[in-house]
Amino acid sequence: MTPKRIAPSILAADFANLQRDVEMINNSEADWFHIDIMDGVFVPNISFGMPVLRDIVKHATKTIDVHLMIVDPDRYIKTFADLGSNILTVHYEACTHLHRTLQAIKAAGMKAGVAINPHTNVALLEDVINDIDLVCIMSVNPGFGGQSFIENTYRKVEKLKNSILKNKANTLIEIDGGVTSKNAKQLIDAGADVLVAGSFVFKSENPTNTIKELKELIKI
Ligand code: DX5
Ligand code: ZN
């Protein structure tokens, strides 16, 4: 069994106190930093870009999990590797030659992730599942934090988990969007390995305790 992980999403942090929030994650039980990069084209929102990631990496002491919500991500694979990303996730819907993109991410020394929108069938990944280190199942429509969780996600997780087992792949399943203490355990039971949590962590009174609480819930 792989350890179950919590990846707080920096999108919900206080950007005027970013170092404080990065240190909070460093000193918490969180496992990864989840970093959302949005281009205003693939999704109807713009988050932040390279200079901000560079400064996060300067202070972060945990795995840097970068989620690209951008068109034509191939253009920036080397840039994100140079910035210190450990995992680089591209959207299935943004890649014409997904297999090639995955190879390029790995050749640049990173783990390769693929994110799928709520309407995208997990079966579409079956032929490349052995090439994917992480599948990020979007449990909201990408672009914004603080949205509510789409219940159909559980079914997608189960289907994907079956496909991973059938193909003897080592792929991790990550869930992104609307994760709270209400759905965390059920997601892990369905087969998820990593839970991204933005608002639930950062909008809570004590983010460190909230992370601890989530970790406790997903213990196996
Ligand atoms: C949404 C982003 C998520 C977002 C999650 O497009 O990919 O990572 O930050 O935020 P919450 O947990 O608030 O739904
Ligand atoms: Zn994300």
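Predicted model: local features only at pLDDT ≥ 70, side-chain atom pairs only at ≥ 80, totals over all residues.
Biologist: Which protein residues are the donors of the zinc ion (ligand 2)?
Modeller: Donors are N, O and S atoms within 2.8 Å of the metal. The protein donors lie 2.1 to 2.3 Å from the zinc ion. They follow the spacing H-x1-D-x30-H-x108-D along the chain. The residues and atoms are His34 (NE2), Asp36 (OD), His67 (ND1) and Asp176 (OD).

Biologist: What arrangement do the 6 donor atoms around the zinc ion make?
Modeller: Ideal angles for six octahedral donors are 90 or 180 degrees. Here the 6 donor atoms subtend angles of 70 to 169°. Because of these angles, the arrangement around the zinc ion (ligand 2) is octahedral.

Biologist: Are His34 and Asp36 buried or exposed?
Modeller: Both residues are among the protein donors of the zinc ion. Buried means under 20% relative accessible area, and exposed over 50%. By that cut-off, His34 and Asp36 are both buried.

Biologist: Which side chain has a polar atom 2.4 Å from an oxygen atom of ligand 1?
Modeller: Around ligand 1 there are 20 residues, and those that come nearest are Asp36, Gly143, Asp176, Gly198 and Ser199. The side chain of Asp176 has an N or O atom 2.6 Å from an oxygen atom of the ligand. Gly146 uses a backbone N or O atom, at 2.8 Å. The side chain with the 2.4 Å contact is that of Ser199.

Biologist: How much of the area that ligand 1 exposes when taken alone does the protein bury?
Modeller: Ligand 1 takes up the space of the largest pocket. Taken alone, ligand 1 exposes 380 Å². Of that area, the protein buries 98%.

Technical notes:
Residues numbered from 1 in each chain as written. Chains lettered and ligands numbered in written order. Heavy atoms only, no water. Donors = N, O, S within 2.8 Å, 3.2 Å for Na, K, Ca; no water. Tetrahedral: all angles 85-135°; square planar, octahedral: opposite > 155°, others 65-115°. Buried < 20%, exposed > 50% of the residue type's maximum accessible area, 1.4 Å probe, protein only. Near = heavy atom within 4 Å. Polar contact = N/O pair within 3.5 Å; in protein donor to acceptor, adjacent residues only side chain to side chain. Areas by Shrake-Rupley, 256 points an atom, 1.4 Å probe, with all protein chains shown as cover. 1 Å grid on protein atoms, 1.4 Å probe; cavity = no way out; pocket = protein on both sides within 12 Å on 5 of 7 lines; lining within 4 Å. Sits in = over half its atoms within 2 Å of the grid points.
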